[in-house]
Structures are given as C-alpha cells and as structure tokens.
Amino acid sequence: MIEGYPEIAKDVAALKATPNLVDWATERRTFSWDEQWKGIDRPGGMLNKAYECVDRHANGARANKTAIIWQSAAGEIERYSYLDFKKQSNKAANALRSLGIKKGERVFILADRIPELYFAVFGTLKIGAITAPLFSAFGPEPIKERVSRAEGCTIITTPKLLPKVNEIRSQLPSLRHVIVIAHREGKPVAAGDIAWSDIVGPASEEFEIEPTGPDDWSIMHFTSGTTGLPKGAAHVHNAIVSHYATGKYVLDFHEDDIYWCTADPGWVTGTSYGMFAPFSNGVTSLIDEGGFGARRWFENIQKHKVTVWYTAPTAIRLLMKAGTDIPKSFDLSSLRYAMSVGEPLNPEGVVWGIEAFGLPFHDNWWQTETGAIMCANYPSMPIRPGSMGRPFPGVDVVIVDEQGKEITEPMVEGALVCKPGWPSMFRTYWNDQERYDSRFKNGWYYTGDKAKRDEDGYIWFVGRDDDVINTSGHLVSPFEVESVMIEHAAVAEAGVIGKPDAIAMEVVKAFVTLNDGFEKTDALMRDLNRHARARLGPAVAPKEIEVIDILPKTRSGKIMRRLLKARELGLPEGDTSTLEED
Ligand code: AMP
C-alpha cells in the first residue's frame, strides 16, 4: 500500500444501493459468462449490439424510459426515450442502407456529442456496418490516416468539422459519401454532400435489423503503438455481454440510475461505457455536449441528479486544482458512486473525492483492445488508493516475467497480460493481422503495460512497456507526430516523447533537427507550432517543440526516444553503446 494512504473500508450496509457484486471473492469463484448471457436477448439467434441496447427496451417495459438526457453546449436540454432511440436509429439505418452501404463497410463519424452521433452509431450497427467514431479534436492528418487505413466508405460530420474533411477527401479513394448534420447549425449543405436531414428526415421509422451474429464486426477504434501509425482495433457484436456484465458489476447499474460518462465517443470509453454498457442495462444517461468546466460539471450532477459518474484522472486533477469550494457549493447528494479510467489515478485523486463530495473515486483499468473493463475497484470492495483494483470476475489478468510465466510473489514488476478469449476481446487490427498476432505470445495477450500485484490480488500500474504517450488519458503514437513534423520544410528529423505533466500525466514534446539553410528563429518556431496544430489538431499536436543539433539514434538508425526522455528529465542515460553519435 502507498504510505500515508490507508485502505478505504466499505460499509456495504450503509451504501445507498446494494451493490450488484456483493463479494468479489465469491463472484470470482462462481462467475459464469453463460449466466451473463441470460441478460442478453439474442432473438432468433441474432446478436446485434443495437438491438440489445435499444430495440429490446423500446419493445418492452422501458419504451418510455429516458435513454438520454442531452444537454447542448449552450445548456438546452433534449430527452430521448428508448422508443425515440429505436425510431431515430431505424431512420438512420434506412438512410444509410439507401446509400448502398453494406454489411462490414466502415462508416466514420466526426461530430461533437450531439444526439445524431448516437443515432448514427446505432443506425450503422443495425445495417451490420462497422461504426468508427473519431475524436472531433483531430486535425485533418489523423482523420485521413484513420479513414484510409480502414478504407472507410462514409464520413458523417457537421458543418463545423467539415473543413477538416474537405482538406483530405481527395486523398481518400474509398470515400463514397460525406453526410453533413447541418440542421442544428442552420447551415446549407454543399452540392455533392448529403444533408442528414434530407435522407434521415423522410426515412421510415421501421427497420429490420441485419441478422448479425456474435462474430460479425461492430465497431472500430484507433489506438496508438510505438512503431507505425495508429491501428484500427476491430470488435465484434459478441462484446455486448462484457459491456452488460461490467455495467452491472463494475458500474453497478440500478434501474433508477442517472449515469454520466464524461468520455467522448471518439475514444473507446465513450462508446463501451458511454453507449453499450448503460444502454444494454437500460439506464438513463446524461450526455453533455459541452467541454470540461469545474462549475459546469458539478452543476450537471446537481441539476440532473446524477447518481453514477465515470470520469478520468486528468479531469479529476483539474477539479482538484479548482478546489473543494466549488463542489461544496452544489447539492451533490444524488451521487452514490464515482469511477475513473484512462491513466493512473494517483491516491490523492482517490481520496479527494471523499473530501469534495463524500465519495472516493474507484479506479479501473482496461484498453481499446480489451473492449471492456478488465480490472476494477468495486463498490463493495475496500479501496487501496493507487491500485486499479482486482480482475473482473470472468477474466484472467495477471503479471508475467520475461518468459511469460506468471509472477506469484507480491509486488514484483512484470508485464500485464490477459488470458485470450474474454468476450469483448478485439479480433484484429484492421488490415494488419501481423501486428495483431504479435500481441499474443506464450498463451497470453500482452497489454503493453507493466504492473505488479500485491498479496491480496490488487493490481498496481507501473507504466507503459513501450514509448506510447498517454496525454489526458488519450494514447498518442510518437510516430504519428514525428511523421507530420518532418513534413515541414525546415525539419530534417523528429523524435517525440511524453513529458511528465502534473495535470495531463504526459504532454507531447517534439525534438527536431533542422535542414541546412534553416535557423531556429521565433518565426520558425511559431510556424512549426502552427503546422503541427493545423495538421494534427489540438489533441495530438506537441505542446512543446525543441530544436536540437542531433537526434540520438541506434546504429540501425532508430531514434532513441527513451534517451531523449532521460535527457529531458535529467535521468541517467543508461546504455548508450548503440548510439550513432558516440
Ligand atoms: P486506450 O486504449 O486509449 O483506452 O488506453 C489504454 C491504456 O491507458 C492502458 O493500456 C494503460 O496504459 C492506460 N490506462 C488505462 N486505464 C488505466 C488505469 N486505470 N491506470 C493506469 N493506466 C491506465
């Protein structure tokens, strides 16, 4: 345990709702996925996430129950019941099918958190196509890279974000349709583009879902590796049982919950836990289109009587910075349970929740590839601040040594691996099976993280086992940033690292060397920053750019990012015998 942070005991009888998972150890012994499948309908043998999330509730007792309370950035509220969702996603499905989009094709969505984004995701799933939501803060380059890797046939976007698509669409031969959701912004749609309201407005509210099965593709999210550009981790409809079960046991959904997931659907948390887990459990979700703001966020909890809240460490650290006076000025008594994911949650963050609103944050761990939560702190289980909890009952998450042998001694660091075969396991990296296969070794799936386990089975995150950067909970590939930096006429080479940061955990920092004839001037630095932001967007662009004379490289010419990082941090440089510059 981290010194100064004693275990947080739980008095289960005093909790506002009896937890669905009453005792982790018993559940671990008795858990069966077959039992969880009983919570999923599978009519006529069909398995489709949209049916399990929307239609079965719309066809039953939850038809008029609110599925989402939507709040626009300006604060207007719209409510959609499960029945509304069925109709709207059916209309979207009819519209997409009328364009000739077929099962298995990739439909990208680049939009802020507006209701149509959610209708489009479920509509795409209903026609059996693959939905691929993109983060709206991406610049043209990350958009182009992702759409072209997945050979996307359609991009659904908004007038505000359309210029980024227009910049790259001529480079996307697979792209057949650009659909623009223009009515909310009151903008016209250019000839050649399709207005969402023109095709969805008149479409029928009835739709027969494509009869997909458990192994049919459903969703793709892009994730970053150390080498190469981001990869499309593709998931199948089978994953829904993981979303349903973790929704029940980790998010602890109860019928009357008002649930708020602050993640954007451009990242996997925003779909697995912003859509599939709450919808498959039939609860009501708050969706806020607006961005972060300490006052706005606590006001949201008060106004909408949020009971279950799932957020991220960077946001928690920003809330901490804003101070406890803000949460204390709101009535947050509706809240019964708070969770965090995406990066390590420092113990200060866990206990700050208690100080600010009387509840600790429960950290949990998973990644794009796992599709669903794999390791968690549960409402009924004591928290060890700084630990990401214990494995979900139906999965095996362990620490192994270099030979792939499980490490059983407590607190010995090793690779964090999962036993393949959990229901929401990703099934490929799109068009890159070789890279997918490389993640499986010695009978394990290697997560790329390092961790250790204590004597009671709590897992403690140590760090990444590679150079991937985690900034505000979003993984960034150094290679993707380097590729854009070297496009600039002045840049000869680039090496990109994650520089530790008190709020965002890491920020992206680029080191560049200059081509002959260029000099480091203020004007050049401004231009480099402008170039990076215009091409990559604020979510990926470096926060710092530094010009250096020479980049450290191995004899085979690979840039040694670790060494750049060690130098940046003033740490020992380790073995530099393979350095070119030596
Ligand atoms: P992504 O695939 O973008 O969701 O990122 C997954 C990665 O984020 C993991 O492999 C970890 O490196 C990191 N991560 C996610 N959750 C946690 C957590 N609770 N503690 C520490 N790191 C986390």
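**Close-up 1. Crossing of helices α6 and α17 in the predicted model.** Helix α6 spans residues 140-149 and helix α17 spans residues 522-536; their axes come within 4 Å and cross at roughly 40 degrees. The two helices are therefore oblique to each other. On the α6 side, the contact is made by Pro140, Glu141 and Pro142, and on the α17 side by Ala534, Arg535 and Leu536. By class, this contact of α6 with α17 comprises four nonpolar and two charged residues, with no polar ones.

**Close-up 2. Packing of helix α11 against helix α12.** Here α11 (residues 294-304) and α12 (residues 313-322) pack at an angle of about 105 degrees, and their axes lie 10 Å apart. That angle makes α11 roughly perpendicular to α12. Helix α11 contributes Ala294, Trp297 and Phe298 to the contact, while α12 contributes Ala315, Leu319 and Ala322. The contact of α11 with α12 has six nonpolar residues and neither polar nor charged ones.

**Close-up 3. The open sheet β25-β26-β27.** Three strands form this sheet in the order β25-β26-β27, and their pairing is mixed. Strands β25 (491-501) and β27 (544-547) are the edge strands, each pairing on one side only. From one strand to the next, the twist averages 25 degrees.

**Close-up 4. Pairing of β25 with β26.** Strand β26 covers residues 505-514 and pairs with β25 in the antiparallel sense over 10 bridges. Within the view, Glu493 stands opposite Thr513 of β26.

**Close-up 5. Helix α16 on the sheet.** Helix α16 (residues 478-485) lies across β25, β26 and β27. Relative to β25, helix α16 runs at about 140 degrees.

How values were computed. Residues numbered from 1 in each chain as written. Predicted model: local features only at pLDDT ≥ 70, side-chain atom pairs only at ≥ 80, totals over all residues. Heavy atoms only, no water. Axes fitted to C-alpha atoms, helices over the stretch in contact; angles between N-to-C directions. Parallel < 35°, antiparallel > 145°, perpendicular 65-115°, else oblique. Contact = heavy atoms within 4.5 Å. Nonpolar A, V, L, I, M, F, W, Y, C, P; charged D, E, K, R; others polar. Pairing = 2+ DSSP bridges.
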